[in-house]
Amino acid sequence: MAVPNLELRPLGNTGLKLSSVGFGASPFGSVSRPVSESDAVASVREAFRLGINFFDTSPYYGATLSEKMLGKGLKALGVPRNEYIVSTKCGRYREGFDFSAERVTKSIHESLERLQLDYVDIFQCHDIEFGSLDQIVNETIPALRKLKEAGKIRFIGVTGLPLDIFTYVLDRVPPGTVDVILSYCHYSINDSTLEDLLPYLKTKGVGIISAAPLAMGLLTELGPPERHPASPELKSACQAAAAYCKEKGKNISKLAMQFSLSNKDISSVLVGMNSVKQVEENVAAVTELALFEQDWETLAQVEAILKPMKNQTWPSGIRRS
């Protein structure tokens, strides 16, 4: 049976085309549960076979373990380097945050070694709201531009939770300096505030990656981990929505994935994966959406349950400029 090709979407002005669902390798850091090397390699192989071409990691995930595991998985593919797109990050490490030019320059060399690559496609400043945004603008990004000129990275990105960090940075750097933003938990059924920023990002020519379509576990039958920063009210509403879906024989996680995927202005929806089964479930959600329409009836009911809590976020970091 032929494997259906996943939709490829352009990433801003980069010229890259990312699979509509991206492989988030943070679970390879074995933070929530151990992931064996064989599982990591098998899941990368299956993802690539099913049409996923975008893989994202960070030295922060599992204190560099995620990068090492992803590197082994990519090497095992045995395909030309230009057939997949790799993103990693800098500035956030097990020992804390450091967005200095010196540290981020050292960081790329360490990451390339762990990933067993000569370059990464996208290099992102990780969770910039925890640092000084002015340092990001005046020191970090200029250092990344030098790495771009040296061929170590192809494109520059920034990531974080509060949406106003993106406009703060993009308004203060020369046009075309930042190529990509990675936002998380702001384009899912319970919070779609990223939508308000899309026209602005498009005028800047910036590619948009949205992560955590399941709101870090809120939109799952199992529910979020204990440490999830959402309010008890939001957790309770999501639990009620998940229970409603289950009662109707539907899966809230699939519904949430399909909701996030349905906005074509978002280049890739990044989902954490750590097994062949998870890869297959995520690709099935995409394939089903391509063949059939979104389940509007169930979605409308879930949105009604979540409406009192709609767009309720949680604080992240201390904004210092």
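A residue is called buried when its relative accessible area is under 20%, exposed when it is over 50%, and partly exposed in between (1.4 Å probe, protein chains only). Keep that handy as you click around this predicted model, where local features need pLDDT of at least 70, side-chain atom pairs count only at pLDDT 80 or more, and totals for chains, interfaces and linings use all residues. Residues are numbered from 1 along each chain as its sequence is written, and side-chain values use heavy atoms, with hydrogens and water left out.

**Stop one: the barrel.** Switch to a cartoon view and pick out S3-S4-S5-S8-S9-S10-S11-S12, a closed barrel of 8 strands with parallel pairing. From one strand to the next, the twist averages 30° (axes are lines fitted to C-alpha atoms, for helices over the stretch in contact, and angles run from 0 to 180 degrees between N-to-C directions). Helices (H or I, at least four residues) and strands (E, at least two) are DSSP runs, numbered from the N terminus. Strands of a sheet pair through backbone hydrogen bonds, either parallel or antiparallel; here, two strands pair if DSSP finds at least two bridges between them.

Now select 207-211 and 268-272: these are S11 and S12, paired in the parallel sense over 3 bridges. Which residue in S12 stands opposite Ser-210? Look for Val-269.

Most residues other than glycine have a negative phi. Select Ala-63, in the loop between strand S4 (54-56) and helix H2 (65-77): its phi is positive, about 50°. Ala-63 is partly exposed, at 23% relative accessible area. Next, jump to Cys-185, in the loop between strand S10 (180-184) and helix H6 (194-203). Its phi is also positive, near 65°, but Cys-185 is buried, at 2% relative accessibility.

**Stop three: a cysteine pair.** The whole structure holds 0 disulfides.

**Last stop: helix H9.** Select residues 276-291, which make up helix H9. With 5 residues, H9 gives the most to the lining of the second largest pocket. Of the 17 lining residues, Glu-7, Val-286, Thr-287, Leu-289 and Ala-290 lie nearest the pocket's centre. (On a 1 Å grid over the protein atoms alone, a pocket is an open set of points where a 1.4 Å probe fits, with protein on both sides within 12 Å along at least five of seven lines; lining residues have an atom within 4 Å of a point.)

Notes. Disulfide = S-S within 2.5 Å.
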